[in-house]
Amino acid sequence: MNRRELLQCAAILATGATVLPRGWALSGEQQTFLAAQPNYIDRHPLTFFTPLQRHAIAAMAEQVIPATDTPGATDAGVGRFIELMVADWFNDEERQLFMDGLDQVQQLAKGDFAALPLA
């Protein structure tokens, strides 16, 4: 099993353990409405992180899910997804914890995690 397979299994287990199938049932009208909407991830500009923070997040994600014979985190848009989640879905306390952790990582990396060597 590789990292990607492990993460996929963990996500399926976590979702299956916490969500009832009936909770995901959408009416035909809801399905039509959602199908007509623009992709959520493409509707929002990237404005929450600074360019340096964005670059560090992308490097961290790529370290966890590197490009192999399949796309890595960068190719999959994981950095953009993380930025949208932090900006739009985290509450103030969660957002502050995330940003404090990101700042700590950047400090340990002497200001630029992405500039560190890969190995």
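**View 1. Overall chain.** Of the 119 residues of the protein chain, 14% count as buried (under 20% relative accessible area; exposed is over 50%, partly exposed in between; 1.4 Å probe, protein chains only). The model is predicted: local features need pLDDT of at least 70, side-chain atom pairs count only at pLDDT 80 or more, and totals for chains, interfaces and linings use all residues. Residues are numbered from 1 along each chain as its sequence is written, and side-chain values use heavy atoms, without hydrogens and water. The chain has seven helices and zero strands (DSSP runs, numbered from the N terminus: helices H or I, at least four residues; strands E, at least two). Among contacts (heavy atoms within 4.5 Å) between residues at least 6 apart in sequence, 69% join residues at least 24 apart.

View 2. The whole structure holds three aromatic pairs (Phe, Tyr and Trp rings, for Trp the six-membered ring, with centres within 6.5 Å; planes under 30 degrees apart are stacked, over 60 edge-to-face, the rest tilted). Phe 49 and Phe 98 form a stacked pair, 6.0 Å centre to centre with 15° between the planes. Phe 49 sits in the loop between helix 3 (40-43) and helix 4 (51-64) and Phe 98 in helix 7 (residues 92-108), so the pair ties together parts 49 residues apart in sequence. Phe 49 is buried at 4% relative accessibility. Phe 98 is partly exposed at 24%. Phe 48, Phe 49, Phe 90 and Phe 98 make up one aromatic cluster.

**View 3. Leu 34 in its helix.** Leu 34 belongs to helix 2 (residues 28-36). Its relative accessible area is 47%, so Leu 34 is partly exposed.
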